[in-house]
Amino acid sequence: MKLATKYNRVTLIASIIVFIFTGVIYYSVIHYILTNKLDRDLAIEEDEIAAYVKTNGKLPQAGSFKEQKVSYYLIDPAHDFERKYFNNDYFNESEQKIEPGRSLISTIDVNGELYSVTVTKSRVESEDLVRIILLITLSITIVLLITLLLINRFVLNNIWKPFYEILSQMKAFNLADKNDIYIEPTKIDEFTELNAAVAAMSLRVKQDYRELKSFTDNASHEMMTPLAVINSKLDTLIQTETFSDSQGELIEDIYVAVGKLSRLNQSLLMLAKIENNLIGDQETIDLDELIRQKTRQFQELLQSQEINLKTDLANKQLNMNKHLADMLINNLLSNAIRHNYKGGEIYIHLNEKELRISNTGSDDELIASKVFERFYKNAASEGMGLGLAISNQICNLYHFKLNYTYQDTRHTFKVSF
Amino acid sequence: MKILLIEDESSLRESIITYFTDEGNICETAVDYKSAIEKINIYNYDCILLDLTLPGGDGMEILRTIKKINKKDGVLIISARHSLDDKLDGLNLGADDYLVKPFHLSELKARVTAIVRRKSYDGSNVITFNEIQIDTQAMSVKIGDNVLTLTRKEYDLLVYFIANQSKVITKSAIAEHLWGDEIDLSDHFDFIYTHIKNLRKKLIEAGCKDYIKSMYGVGYKFENI
């Protein structure tokens, strides 16, 4: 839930409760006051009747006039009688309709005879008044609520704008990117503080990242020279004299290890380069042609493994760096060969939308979520576990999608363009 | 051929010199920017092997100087920087080739030989080794008068062997030369053997002496007998 929504909801509910509550109190108080006033009027009327009886020794004329109605009837003095106010409906003769009224019933002694006197006054006026007051209050309430909501929406949105801005910048923040986080200054202290903190943090993180990167980069480069020395010394060593078979094997093992080490080093450098977006020129690549060329390059390897290669290539052009395109196809294809078995199959399918390379291989499905991680490899693999990480980086760089699936004993890597 | 090696790493320098200095090759060295510039200004070389990271200056500057003073020397850049940009930059500035450290000395020799062959002899593209004649323009091989039909890989292999004659060449060097260093073939050296066997058979059938010698475990040697 958004902060503004949450806030709106709380204020809305609170104001509705408060308005209902105060509305009820307001209504009852006004109602009480008006009823009180009517009662007083009724009491005055009663007094007037009593005064009339005292002076004239008889009841005034019963009847209805001016929103007021007076009636008498004789009652049994033995009967206990109570003076009370009550609400009722009565027939207003001047208006010719039944109207709500307020009545006072009391007793009066006229020359030894006990009469019950009922004085009724119309409540219409006071009810109307209450209704109008209620209506006005309600409309004010509604207008107020709407205003409140609108203010919340527009003012809050406006106030929170810097927050969303910094949020979007943080979302777009990329370590490898060159541009830093920049936010428009705001007048609100909290956001200014937040901006400053985020900017400082991003700078620090970038600085650390740069240092780490340059460390990896330098370390890898520095390693290349000793590797070159080892290699050249080995090359020189094998020229010196004839070796015994076992010595020859030892030297070959060293060669293989040095070769692996330098390949590993180069892969790490390549990863860093792609991550840092230090890739040079792009050009139009005929992917189908490139794949054909690569399959030719791998032909001897395929033959020696007796792997059956089937291709289905439609014409597809991509705009990317030649070397990276090369490397991508190389990695995927050599994986398909490396993790195959003798007499296995490889199927390459290329169309406008995707490139699929599927191969027969071990019956164990790779873990799709880990397969593109660096140095992830299954126990049987002799590779370094960097090939797919690099392939994935290359795909990311050009916004392709690389994924892995396993179906019907076939491992498939798919690049969606 | 006359070669200038500009490289600050002394042990690497030694190995390269040892590998190159025989069969009448002259190999001079420069260890820093200043001495390199001096030598380039005074002498002419068939090929200059240039390391890009040098004390006292950028190797790329040396390349610019060579081009500025209009030297026709071949230039091969050897660098630990496997940067695509470096590579392009170097080739754009007029380097003839680019080799990334670490490399096999046999690969270096083959590349240098190729550069020197392209640069000198003024259009003569024939490599001769005893009865073997290779026309690099037409990519054809003749043993005496017999024309030999070789596959592309066999042809490359033969040229590579002759460039590195009398040297032991490792299987991994051969694999990298023929299939490129992007492919890790270290588990599949057996099919290199097939190629060498085929080449050897074709050469012998065409009346060539058996120059290719297998050095168990280590590799192969193409040697005059």
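**Two chains, question by question**

Biologist: Leaving aside neighbours within four places in sequence, which residues is A:Tyr27 in contact with?
Modeller: This is a predicted model. In it, A:Tyr27 lies in helix H1 (residues 3–56) of chain A. Leaving aside neighbours within four places in sequence, its contacts are A:Val130 and A:Leu134.

Biologist: What distance separates the C-alpha atoms of A:Tyr27 and A:Ile133?
Modeller: Along the chain, A:Tyr27 and A:Ile133 are 106 residues apart.

Biologist: As what does A:Tyr27 count, by its C-beta neighbours inside 10 Å?
Modeller: A buried residue needs 20 or more such neighbours, and an exposed one has 12 or fewer. A:Tyr27 has 15 inside 10 Å, so it counts as partly exposed.

Biologist: Why is strand S10 (residues 354–360) of chain A largely enclosed by the rest of the structure?
Modeller: Look at burial along the strand. S10(A) has seven residues. It is largely enclosed because the number of them that are buried is five.

Biologist: How many bridges join S10(A) to strand S12 (residues 410–416) of chain A?
Modeller: S10(A) and S12(A) run antiparallel. One bridge partner in S12(A) is A:His411, which goes with A:Asn359. The number of bridges between S10(A) and S12(A) is seven.

Biologist: And which residue of S10(A) is the bridge partner of A:Ile348?
Modeller: Strand S9 (residues 345–350) of chain A pairs with S10(A) in the antiparallel sense, over five bridges. A hairpin of three residues joins S9(A) to S10(A). The bridge partner of A:Ile348 is A:Ile357.

Biologist: Which element gives the largest share of the side of chain B that touches chain A?
Modeller: The contact takes 36 residues from chain B and 38 residues from chain A. Elements giving two or more residues on the chain B side are helix H1 (10–20), H4, H5, strand S12 (168–170), helix H7 (171–179) and helix H8 (190–205) of chain B. The largest share, six residues, comes from H1(B).

Biologist: How many residues on that side of chain B are nonpolar?
Modeller: The side of chain B that touches chain A includes 11 polar residues and nine charged ones. The nonpolar count is 16.

Biologist: Among the elements of chain B, which has the lowest mean pLDDT?
Modeller: Chain B has a mean pLDDT of 85, and 91% of its residues reach 70 or more. Strand S1 (residues 2–6) of chain B has the highest value among its elements, 92. Where pLDDT is low, predicted coordinates should not be read in detail. The lowest mean, 64, belongs to residues 84–92, helix H4 of chain B.

Biologist: Which residues does the cis peptide bond in chain B join?
Modeller: Most peptide bonds are trans. Here omega is about -5°, at a cis bond. B:Pro102 lies in the loop between strand S7 (97–100) and H5 of chain B. The bond joins B:Lys101 and B:Pro102.

Biologist: Is A:His399, with its positive phi, buried or exposed?
Modeller: Its phi is near 60°. A:His399 is found in the loop between helix H8 (387–397) and strand S11 (401–407) of chain A. With 8 other C-beta atoms within 10 Å, A:His399 is exposed.

Biologist: Which strands are the edge strands of the open sheet of four strands in chain B?
Modeller: The order is S8-S9-S10-S11 of chain B, with antiparallel pairing. An edge strand of this sheet pairs on one side only. Those are strand S8 (126–129) and strand S11 (146–148) of chain B.

Conventions
Residues numbered from 1 in each chain as written. Chains lettered and ligands numbered in written order. Predicted model: local features only at pLDDT ≥ 70, side-chain atom pairs only at ≥ 80, totals over all residues. pLDDT = per-residue confidence, 0-100. Pairing = 2+ DSSP bridges. Contact = placed C-beta atoms within 7 Å. Nonpolar A, V, L, I, M, F, W, Y, C, P; charged D, E, K, R; others polar.
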